Amino acid sequence: MATKRITKRVVDSLTPGEIVWDSELSGFSVRCQRRDKVYGLKTRVNGRQRWFTIGKHGAPWTPDTARRHAVGMLGEIARGGDPSNGRSKTKDLTVDELAKLFLAEHVERKRKASTANLYRDILNRLVLPKLGRRIAKDIKNADIAGLHHELHGTPYQANRTVAVISKMFSFAEARELLPKDGNPCRHIEKYRENPRERFLTSEEINRLADAIQEAEQSGRSLPSTIAAIRLLLFTGARRGEILTLKWEFVDFERSMLFLPDSKTGKKPIHLNALAIAVLRELPRVVGNPYVLPGRKEGESVKELKTSWQSIRQKSGLDGVRLHDMRHTFASIAAGAGASLYIIGKLLGHKNPATTQRYAHLANDPLRSVGQQIADSLGAALTKAPEAR
């Protein structure tokens with residue numbers, strides 16, 4: 001058995017007895033029998049595993065038409081129907097049932113693991129306890145607005161919750177599980193979000209450096225954890241990019257990290273001398289591909305929270321987050337005269353608008369000229385009358 005996207009080329013290459021499972025639609029398959037190649041769907045109906053035959057390859061069944069039919073069958077099953085032998089006793093789809101289908105068939109297959117975990121958390125913790133038993137097609141704009149209002153104390157979370165619900169209902173519309181133009185999240189006005197930006201001053205960075213060194217010397221923290229915190233400050237990288245960093249991504253000759261995947265796709269990271277020094281001091285563990293090995297064999301460091309809380313408390317930086325190391329890196333670059341374009345490249349921003357938050361920190365040409373005028377005026381005003 002193989003798993004790959006089922007295409008005409010894949011179907012044509014099948015040999016008798018071979019079966020291929022589709023990598024995008026769970027349970028969708030094509031099997032090569034002695035004479036025919038047959039599309040099918042394997043899924044659960046009322047807790048029981050069932051196998052449905054869609055049809056033989058050839059008009060009207062192609063990989064695309066069979067896949068669309070399989071999607072329709074899954075929708076029918078989600079509504080409580082039975083696609084076999086034309087039997088269909090549909091019931092209205094609940095929000096809980098829709099969420100399960102959305103997570104299994106869309107989120108887990110088309111989103112990164114971290115994004116999938118975020119969607120799952122928002123649905124299970126905030127949405128389903130309130131709306132899970134409700135019939136999905138009966139959810140109105142007022143229901144979503146009410147949930148949004150309940151979360152007004154956390155504007156960022158409130159807005160993200162509505163965004164996830166909206167994606168779920170758009171998924172249902174595309175699968176024809178719900179009527180078109182029935183997304184109840186339309187016209188929900190988002191709360192204003194105040195960017196959580198914190199830039200460390202030079203004095204705070206000195207205190208942080210002392211606390212990191214003390215934690216390292218005490219031996220209470222894993223060496224990989226200490227190295228991770230330093231690399232976050234020295235590179236401006238995201239936490240996940242550092243924790244999952246592998247030696248094969250490190251290019252010492254060019255002083256670069258070449259990440260095959262990140263929040264914004266493939267990403268190069270330029271390494272300065274401080275980051276290079278940290279990486280060169282790290283030992284390589286046989287059998288472990290990660291730059292920052294964890295306590296379990298073959299794994300990387302999983303969390304920095306415990307060590308960071310101790311270091312933060314020791315340095316008197318309560319409220320400072322690990323992500324603020326990224327902001328600090330960018331603020332230092334801006335203060336050194338780097339353009340917003342360069343800062344965006346250093347941080348790996350895909351959208352230039354994301355870098356605009358650092359605009360007020362960049363050296364302003366008007367400010368520089370204004371300072372030159374002030375210097376000239378100051379020099380003239382302090383001269384003796386005879387010198388003037």
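Which residues in H7 meet which residues in H11? In this predicted model, for which local features need pLDDT of at least 70, side-chain atom pairs count only at pLDDT 80 or more, and totals for chains, interfaces and linings use all residues, Leu208, Ala211, Ile212, Glu214 and Ala215 in H7 meet Trp308, Ile311 and Lys314 in H11, where contact means heavy atoms within 4.5 Å. Residues are numbered from 1 along each chain as its sequence is written, and side-chain values use heavy atoms, with hydrogens and water left out.

The residues of this contact of H7 with H11 comprise six nonpolar, no polar and two charged; here Ala, Val, Leu, Ile, Met, Phe, Trp, Tyr, Cys and Pro count as nonpolar, Asp, Glu, Lys and Arg as charged, and the others, Gly among them, as polar. Two packed helices are described by the angle between their axes and the distance between the axes. The axes of helix H7 (residues 202-218) and helix H11 (residues 305-314) come within 8 Å and cross at roughly 130°, which makes H7 oblique to H11. Axes are lines fitted to C-alpha atoms, for helices over the stretch in contact, with angles running from 0 to 180 degrees between N-to-C directions; angles under 35 degrees count as roughly parallel, over 145 as roughly antiparallel, 65 to 115 as roughly perpendicular and the rest as oblique.

The protein chain as a whole contains 15 helices and eight strands, these being DSSP runs numbered from the N terminus (helices H or I, at least four residues; strands E, at least two). Of the 388 residues in the protein chain, 41% are buried, a term that means under 20% relative accessible area, whereas exposed means over 50% and partly exposed in between (1.4 Å probe, protein chains only).

Individual residues illustrate these categories. His327, in helix H12 (residues 324-335), counts as buried at 2% relative accessibility; His327 and Phe199, although 128 residues apart in sequence, are 5.9 Å apart in space, C-alpha to C-alpha.

Most residues other than glycine have a negative phi. His187, however, which is found in the loop between helix H6 (155-174) and H7, has a positive phi, near 70°, and counts as exposed at 79% relative accessibility. Ser255, likewise not a glycine, has a positive phi of about 55°; Ser255 is found in the loop between strand E6 (250-251) and strand E7 (256-259) and is partly exposed, with a relative accessible area of 26%.
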